[in-house]
Amino acid sequence: MIERTNVLGVGISAINIPMALEVLDTWIRQQHHTYVCVTGVHGVMESQADPELRRIHNQAGMVTPDGMPMVWMSRLAGHKHVDRVYGPDLMLAVCEASLQKGYRHFFYGGNEGVSEQLRDKLQERFPGLQVVGTYSPPFRPLTPEEDAAIVARINAARPDIVWVGLSTPKQERWMAAHLGKVQAPVMIGVGAAFDFHAGLKPQAPRWMQRSGLEWFYRMVSEPKRLARRYLQNNPRFVVAVLMQLLGLRRYKLDI
């Protein structure tokens, strides 16, 4: 059982990338079916007004500290070993490990054509990487027949890992709804990693990623889509976390 830090009622796993790789490898070898939420401030704040989304996070096999605030909160709680398990970094680390472990990957998500571009870029970076399927769903909800067809397609490809790039909270809901249907041992929701590694969007400089300022880089890069999210969520998160740390408000982990 991976220890977790309670951040506003969301249990953030006390891990770093080497630990995450070890856990994923165990799940794949043991065919333990679960899903991974890669979660930062956005996921935690979306979970405040949505008990179902909070439950989905807390029932995940692992909730990685995607942003530095999750790392800082974990260290304050005594988990000094915790480091950022950022979705794009986790994806690269798992792909690199796959060359030796032989993991098979399926990419589900992104705009039309993105999952194929992602496959091509990652296979160029990691020659021999086994990508056994890709699919970019339409933005509208799938019919039950369409959904059953894509589940059958994923299962026929026999991946070990299904990477899901639908953005939060859609990808978390998709993984929870398909647990038990998708036969791959692990589903991992990584959102923007699809666009980053497909070469469609730039990533923030490393120093911004490590100092908790990546949100600012992304907001300036995509103001129409992200400014409202960050300008509303970030101040609310700071206030809520201070109230939790000062003991003025308690949050229960619904696991």
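**Figure 1. Isoleucine 2 in the segment before strand S1.** Isoleucine 2 lies in the segment that precedes S1 of this predicted model. Leaving aside residues up to four places away in sequence, isoleucine 2 touches Ser13, Ala14, Ile15, Val23, Gly61 and Met62. Tyrosine 217 stands 215 residues from isoleucine 2 along the chain, and the C-alpha atoms of the two are separated by 32 Å.

**Figure 2. Leucine 8 between strands S1 and S2.** The loop between strand S1 (4-7) and strand S2 (10-13) contains leucine 8. Most residues other than glycine have a negative phi. Leucine 8, by contrast, has a positive phi, near 55°. With a relative accessible area of 1%, leucine 8 is below the 20% limit and therefore counts as buried.

**Figure 3. The loop between strand S7 and helix H8.** Two residues of this loop are shown, serine 167 and proline 169. The loop joins strand S7 (161-165) to helix H8 (170-178). Serine 167 is not a glycine, yet its phi is positive, at about 75°. A relative accessible area of 34% makes serine 167 partly exposed. Most peptide bonds are trans. The bond from threonine 168 to proline 169, however, is cis, with omega near 10°.

**Figure 4. Serine 74 in helix H4.** Serine 74 belongs to helix H4, which spans residues 68-76. The relative accessible area of serine 74 is 0%, so this residue is buried. Beyond residues up to four places away in sequence, serine 74 touches Thr5, Ile12, His79 and Val82.

**Figure 5. Cysteine 37 and cysteine 95.** A disulfide is a covalent bond between the sulfur atoms of two cysteines. A search of the whole structure finds 0 disulfides. For cysteine 37, the nearest cysteine sulfur is that of cysteine 95, 19 Å away, and cysteine 37 is in no disulfide. Cysteine 95 is likewise in no disulfide, its nearest cysteine sulfur being that of cysteine 37. Cysteine 37 is buried, at 0% relative accessibility. Cysteine 95 is also buried, with a relative accessible area of 0%.

**Figure 6. The ring pair of tyrosine 108 and tryptophan 174.** The whole structure holds 5 aromatic pairs. In the pair formed by tyrosine 108 and tryptophan 174, the ring centres are 4.4 Å apart and the planes meet at 25°, so the pair is stacked. This pair links distant parts of the chain, as tyrosine 108 is in strand S5 (residues 104-109) and tryptophan 174 is in helix H8, 66 residues apart. Tyrosine 108 and tryptophan 174 are both buried. Ring pairs also bring in Tyr135, giving a cluster of Tyr108, Tyr135 and Trp174.

**Figure 7. Arginine residues over tyrosine rings.** Arginine 84 lies over the face of tyrosine 86, at 4.0 Å from the ring centre.

Note on methods: Residues are numbered from 1 along each chain as its sequence is written. This is a predicted model: local features need pLDDT of at least 70, side-chain atom pairs count only at pLDDT 80 or more; totals for chains, interfaces and linings use all residues. Side-chain values use heavy atoms; hydrogens and water are left out. Helices (H or I, at least four residues) and strands (E, at least two) are DSSP runs, numbered from the N terminus. Buried means under 20% relative accessible area, exposed over 50%, partly exposed in between (1.4 Å probe, protein chains only). Contact means heavy atoms within 4.5 Å. A disulfide is a pair of cysteine sulfur atoms within 2.5 Å. Rings of Phe, Tyr and Trp (its six-membered ring) pair if their centres lie within 6.5 Å; planes under 30 degrees apart count as stacked, over 60 as edge-to-face and the rest as tilted. A charge sits over a ring if NZ of Lys or CZ of Arg is within 6 Å of the ring centre and within 35 degrees of the ring normal.
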